[in-house]
Amino acid sequence: MNSESKWIAGFWRRIGAFFIDVTIIAIIGMVLGYVFENEFVQIGNLGRLFGIFVTTIYFGFLNSKVFGGQTIGKKILKIRVVDSSNKILSLPRSLIRYAIFFMPLFLNGVQLPESVSSKLFYSLAIMITFGVNLSATYLYIFNWRTRQSLHDIAVGSYVVNVSNEDNKFASIQKTHKMHYAVVIVIFFMAAALSTYIKNLFGDINLVQLNYIGDILIKEKNLVDISVSSTDFYIN
């Protein structure tokens with residue numbers, strides 16, 4: 001095993017750290033959901049924004065130099081996020097890295113008000129969700145040389161073993177060009193899928209349902225009512 005392969009964190013260690021982090025986030029979500037259940041019900045889909053805030057603080061800030069480039073999972077498994085010079089990412093760079101990773105998770109299942117939503121938005125959402133998810137999964141599994149996933153390649157970051165963090169390499173190996181070609185093909189496939197789904201469904205008029213919703217929301221025992229099109233509900 002060469003020094004570089006010792007520096008780059010392995011697949012299972014990264015997956016293990018991510019599992020720990022997701023478990024922690026899930027516990028936080030369960031506790032907050034139990035304590036503020038009524039408030040979350042009342043704000044409806046806006047509750048997603050609170051989830052974005054919590055996960056951004058956790059992954060975006062902890063993976064930056066503000067907190068040493070380590071989430072709790074990474075700290076337990078002794079790995080961290082750095083750049084090619086073995087320096088911890090700045091906060092803006094870490095936030096961009098996280099945004100690319102989180103974007104498909106946010107778009108998965110998103111529903112907008114009927115006045116805002118459109119087939120174009122959902123087509124783009126489908127393309128991004130499938131394209132980013134499939135590309136990230138492919139790179140996680142097959143990019144053995146650098147173990148960079150899509151969000152790592154975008155900002156030039158690496159997930160490395162803390163025990164070998166003092167190693168600095170004059171020339172870090174680059175992700176093989178073949179992987180870029182596969183990612184491009186995946187996005188073309190995702191675009192084709194989004195176009196197919198866009199043409200599969202016709203327009204749905206929700207005027208009557210919105211009218212009924214406006215009447216029902218006046219009932220005292222109802223907390224919240226929302227009417228939305230789920231033609232392109234992404235799951």
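The model is predicted, so local features need pLDDT of at least 70 and side-chain atom pairs count only at pLDDT 80 or more, while totals for chains, interfaces and linings use all residues. Residues are numbered from 1 along each chain as its sequence is written, and side-chain values use heavy atoms, with hydrogens and water left out.

A search of the whole structure finds 8 aromatic pairs. Rings of Phe, Tyr and Trp (its six-membered ring) pair if their centres lie within 6.5 Å; planes under 30 degrees apart are stacked, over 60 edge-to-face, and the rest tilted. F18 and F101 pair edge-to-face, at 5.6 Å centre to centre and 85 degrees between the planes. F18 sits in helix α2 (residues 11-35) and F101 in helix α6 (residues 91-107), so this pair ties together parts 83 residues apart in sequence. Helices are DSSP runs (H or I, at least four residues), numbered from the N terminus.

F59 and Y98 are stacked: 5.7 Å centre to centre, 10 degrees between the planes. F59 lies in helix α4 (residues 47-62) and Y98 in helix α6, so parts 39 residues apart in sequence are tied together. Both F59 and Y98 are buried (under 20% relative accessible area; exposed is over 50%, partly exposed in between; 1.4 Å probe, protein chains only). F18 is partly exposed, at 35%. Ring pairs join F18, Y58, F59, Y98, F101 and F102 into a cluster.

T55 is also in helix α4. T55 is buried, with a relative accessible area of 12%. Its contacts (heavy atoms within 4.5 Å) include Y98 and F102, not counting residues up to four places away in sequence. The T55 side chain reaches the backbone oxygen of I52 at 3.2 Å.

Definitions and conventions:
Helix = DSSP H or I, 4+ residues; strand = E, 2+ residues; numbered from the N terminus. Polar contact = N/O pair within 3.5 Å; in protein donor to acceptor, adjacent residues only side chain to side chain.
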